[in-house]
Each structure stands twice: as C-alpha cells, then as structure tokens.
Amino acid sequence: MLKQVYIDKDVLTATKERISMIFDDYENIVVSISGGKDSTVLAHLALTEANKRNRRIGIFFLDEEVVYDSTVKRVEYMMNLFPDNTIPLWFQIEFHLTNATSLIESQLICWEAGKHKIWMRPKKPFAIQHKPWPKEKETVRDKNKGFGFYDALENFQNSRYNTAFLIGLRATESPNRWRAVSKNPGHKDWYWTTKMKNNNIAAYPLYDWNFHDVWRYIYDNQLRYNKIYDYMWKKGMHLQEIRVSSLIHEKAFKALVELPEFEPKTYDRLLRRINGISIGHIYGKDNKAMRARKLPKNFKSWLEYRDFLLKTYPDESKKWIFEKRFAKQLNNNYVARQQCRQLILNDYENNLPIDNRPDPREEKIKKWRELL
Amino acid sequence: MIRIGLNLNQKQCEINDYLAKTPEIKKIKIFYFKTPTEYVLPGYNVEYIEWSDIIMYKFFYRLLEEIHGDTLIVVDELMRTQNRSDLTYNCAHHYLNQTPHKIIFEYFPIIEQKEDFMILLNFENKDKYKGKGFQYEFLKEEDIKMISRNVELEVIDVETTAKEIELYEKKKENLFANLGNKDPDIIPRNLQLLAGDFKKKAIEPDKIYVARNKRFKLDNVISYDEVVSGEYIVIDMHYRRLNLNDFLKKTQVNKLRYLTTALPIDKFYISEFNNWSKNLEDIYAKASLY
C-alpha cells in the first residue's frame, strides 16, 4: 500500500525541479491541456521554464467539439500566453465520442465531415485538422466503437519519438489516478513518470498536488481559469462535482443539467448538434431516470425493469453486447440496478463496471428474518 | 489532546489549563455541532464555527490563512459519522494540521465500534493514523484522558399478552410480505413502534418517558428531540446509534431505564445496547482514566 509522506519541501518547488529535469533530459516536450485548472497550472509552469531556456514546447489539446465555450477560451489563452515558446497542437480531427443521452444516436463523431454547418463552432485555421499519422499504422482499441478519444491520444503519442508528454493528473483525485501516476518509473528513478512506446514517457509533475495547491498557484500567478468553476461554485455544487469535462459521455452528462444556466449559447448549439441533449438536461440528475437510483413505479423490481430495457433496446447492433455481458453476471436486484444504468446510459463499452455480488439487501432481509 | 466524557465545567477547566501553559496562543477556533457551548475566554480572539460550515469555500480558504501556531482549535463533540473519510472530517484535518494546539472533546470514545476512536486520533494526528485500524496501544501514544461514562441498562419488564404476540407476528409477516423495494430496516423500526404501543399500559403518570414520536399524546411522554437533562424511561430505543448517544449525552445518566416486552425486537435492541456498552468498557479498561 502506497503511503503519503510529508517531506521538507513544498509541492511547487518539487514540481519546478521535476520540470527542469525533464527539460534537461528531453528535447521534445508536449503538455496536454484540457482547459481545466490542473492542466492550466502545468502548462504555465512548463511554459515558464521553456521561456527561461528560450525553448519551444508543444501545447496539445484534443478538441472534443462538444465542450464548454469557457474551455475553448481557456485553451486559446494558454496557447497565446508564451507564443514564442509554444508549438500549438490543437487537434480538431474526426473521432467517436459516446453519447450517453441518446439511444438512437449513441455516438457523436466530432468534427464529422459534411456536418460543418452544425459543428459547435468553426475549426481554428491553425488547428491540426487531419490525422498526422499514416493510415496503415493507425490503431483502434475497440472496433465496435470505432476510432475514439483514447485512440486519438494513443496514435498521436505513438507518432512521436523521444518525447516527454506532460499530463496534469493528480494522485488525490481518485485511487485509479493514484495508481496511474505512481507505478514503475518511466525514466531513471522518476517514479512520477511512466514508460511509453518509442522511448516516450508520460510525466505527472503535479502528481502530489492537492486541489488547494492548484488554486493557490492560480491565485498567486493571477492566471485566468475556466469560468465554469465559478458558475459551479456559485450554484453551490459539491467540491468533488466542480470539474470541467466533456458534456455528453456516460460520466459527464450531468453537466447538461446546468449547462443552459451557465452557457445558454453552448446549450443551444448542442441541441442542434446531437440528439438527446434535452433529455440529459431534464433527467441528468433524476434518480428515476439517468441516475437509475430509484425504481420507476411501473416496475416491481430492478430485474423486471432490466428485462424491459433490454427487450426494448433500440440498437440491435449493440444489444448482443449487453446480453452477452449480463449472462455472465449474477441475477439479483443489486446487479440488475447497475445493468439498468448501463442500458439507460447506453454504456456498451462497460465504462461503468458492474459490482457483481450477492444483493446486500437480500442479506439484510435474511438477517431480520432470523432475528425478529 | 483528547478528553473524553467531560461536562461543561470540566471542559472549561481543561481549556483554561491549556491556555495558562501556552502563552503564545492568541486565537481560538471552536468547531461545534448545531448549538455552540459558550466558553468564557476573555482576552482571546474567539470564533465559533458550525460543523457544516467548515467545508464551505468562504470558511475553508480564510481559515487556512488564519490558522497558525498561535491558534488553538477546540473540536467540540464532532464525531458525527462513522465514515473516517467524510469530507467534513478531511477539511477539519487541514485546519488541525496547521497548529500543534488542539483540544478534542467527545462524550463517548466511540459511536458504535472501537474503530470509531480512530476518528478522534485522526483529529489529533491525521498523518500518523491515516489508514490504520484501531489498536489499544494507540491510547497510550497520545495525550488522552477519559472519564468513564458507562451506561447500565435497567430493564423494566412489561407483560406481553398472547394477543399482543399474535398481533406482533401478524404485523411482522405483513411487513415482510409488503416490503417491496423499501429499505429492509423499516421492519425492525415498525415492529419497535408496535412493541412500544404494547407498553402504554405500563406508563405511570408521575414519571417522564421518551418515545420515538408523540403518538401516545401524553404530557409525560416526549420525543427524543425534546429531551433535556434529567431522568427518563425509554419506551422506544432510538434506532440510530448516534441519536441514542446524543440522548445519553444530554441526560448524562449512568443508567438507561428501558420498558421491555418479551418480544424478539426488544431482545434485539437490548443485545445491541449491551454490545455497545461492552465496546465502551473495553476502551475504558485500557485507557488513562481521570
């Protein structure tokens, strides 16, 4: 079990040292940004170092098209902060994105050719608009889904050599991220890096930062940050809910509930862009709908509801994926509730994994039977 | 330091002693739950902060800036959930990490299980105890003192008729049959209300009783919310341990008098209470007592 140990050095000093070491050892450096607070801080630190050394680094943004307008503004800001030290790598290429809000249009093809009239916004003239890697070398993780977000990332990274990719992941965000950023060292004894193909590394210089370190850095350096954070805070949202991400995939659709309030124009454009947006807006946080927390009253059990959803699942080409997966799982209400959520959110990719175990509620009923 | 089982005067004395020993203290932040205990602290910059407020941004960043080595934090009866990773606890740890001066007051050392004591140790030193399970040795490693607050359960038997037993069985079967998708914990709660109804015949006009609600419509039967210090006879045991502990805290009794039928539901609550009491005794036995 990994343990957090405090040493006699603050995280900012340690991060500056890490970035300096990366600049010493790597000629090619690319910082991935998302428009969120962590990558803003990371890019600023890396660009400051580049400026000091009179070097140029790549600022990489994989544009999902369906993002907050505030995110686009922040990415533009980052790309123009140190123009002499920045190689803009703003990718506006076609790739598939899961749409959890619609069963009839389960995928959005970002920047789809021929649909430019309904794109969320025009492409940037300086953006990279076509895949810069050879077609024959392109890899796809899941052929059912097609070329997706992570495929775009992976192919971009694999098209580079001897490059350090800087990523703003922090260990305190979740146990998964903790694991991701503190595995085996990718270079020397840098335990905050991981190895990649072509002698590349992924580096996580902010891995030991907490969220208040990030905000402190933004405040101290008077950086601009995504307006969405302010909107969310004003709305009284929970600390862990305050985050910027895409708007339609199975872990982000909740953002649609507040979107018309935060960015009415973005919502308006999104309505025209893809199906299911108003469903996400109305039912995104509804316990009986997209959260699948409460059983709709028309059904006696989650099992019955699951069977109904499966029977009426509209996309025949994907239905078998659920049938095959569910056949391997336990047949109880606890598992069935999670299966309902997968069906409602159209999660054929299994991004919301199912906790396949005996129903704790049934165990409790058994206990009360014996005691009472 | 952790002080368990103190009343208001004793807490005041502990704070006075601490302040006398540490002249560098200029500010005092007192975290409390719902109703603040007013301490007499002349000459100090004192701020009372309600438990639910400490996670708010408007408090969080200000407090992080204000709390330093010259600040005493008093954590006043704040073991409010058994979840050690609760967000409010985490925010409190950030403040507590910024000063060596902290006094943690709690009436009982646990909510239900011995593991709950780790919540208090986390207040004292989060880094040291993070992720660790409870061990009795920890009681010796920190400045911890306790006043034993053992509570004895006195059972007052109430006769149960054959008809009442029949009614109980019928209600039980009915609850199981119609449970549907409802929470299974409503079964014992409902059965306890029924058992409580059977205890009505044992209510005496010159004594004060506490029940889950006001269903008896009697002046001498109050609900848990209305309890102040004093002696009460319990008709329905509170099903939430934290609320039952709050009742014992408010009344500061050392004997819980409980009207009891021969029905299994009462046996269950008695056994649960005895388990809790045993856990308490185990901790008192190994701790430094006043």
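In this predicted model, about 2,100 Å² is buried between chain B and chain A, with carbon and sulfur atoms giving 62% of that area. Three residues stand out on one side: Tyr57(B), Phe176(B) and Asn181(B) supply 28% of the area that chain B buries against chain A, more than any other three residues. The contact draws on 24 residues from chain B and 20 residues from chain A.

Polar and charged pairs also take part. Between chain B and chain A there are 2 salt bridges. One salt bridge links Asp185(B) with Lys364(A), where the closest N and O atoms are 3.0 Å apart. Residue pairs in polar contact, with both partners at pLDDT 80 or more, number 7 between chain B and chain A.

Turning to the secondary structure behind the contact, the elements of chain B that each give two or more residues to the side touching chain A are helices H2 (57-66), H3 (87-96), H7 (162-177), H8 (186-198) and H10 (264-286). Of these, H7(B) gives the most, with 4 residues. By residue class, this side of chain B divides into 14 nonpolar, 3 polar and 7 charged residues.

Strand E2 (residues 57-62) of chain A runs parallel to strand E3 (residues 86-91) of chain A, and 6 bridges join the two. Within this pairing, Ile59(A) has Pro88(A) in E3(A) as its bridge partner. Together with helix H3 (residues 69-79) of chain A, E2(A) and E3(A) make a right-handed β-α-β unit.

Notes
Residues numbered from 1 in each chain as written. Chains lettered and ligands numbered in written order. Predicted model: local features only at pLDDT ≥ 70, side-chain atom pairs only at ≥ 80, totals over all residues. Heavy atoms only, no water. Contact = heavy atoms within 4.5 Å. Buried area = accessible area lost by both parts, 1.4 Å probe. Salt bridge = Lys/Arg side-chain N within 4 Å of Asp/Glu carboxyl O. Polar contact = N/O pair within 3.5 Å; in protein donor to acceptor, adjacent residues only side chain to side chain. Nonpolar A, V, L, I, M, F, W, Y, C, P; charged D, E, K, R; others polar. Pairing = 2+ DSSP bridges. Right-handed = clockwise from strand over helix to strand, strands pointing away.
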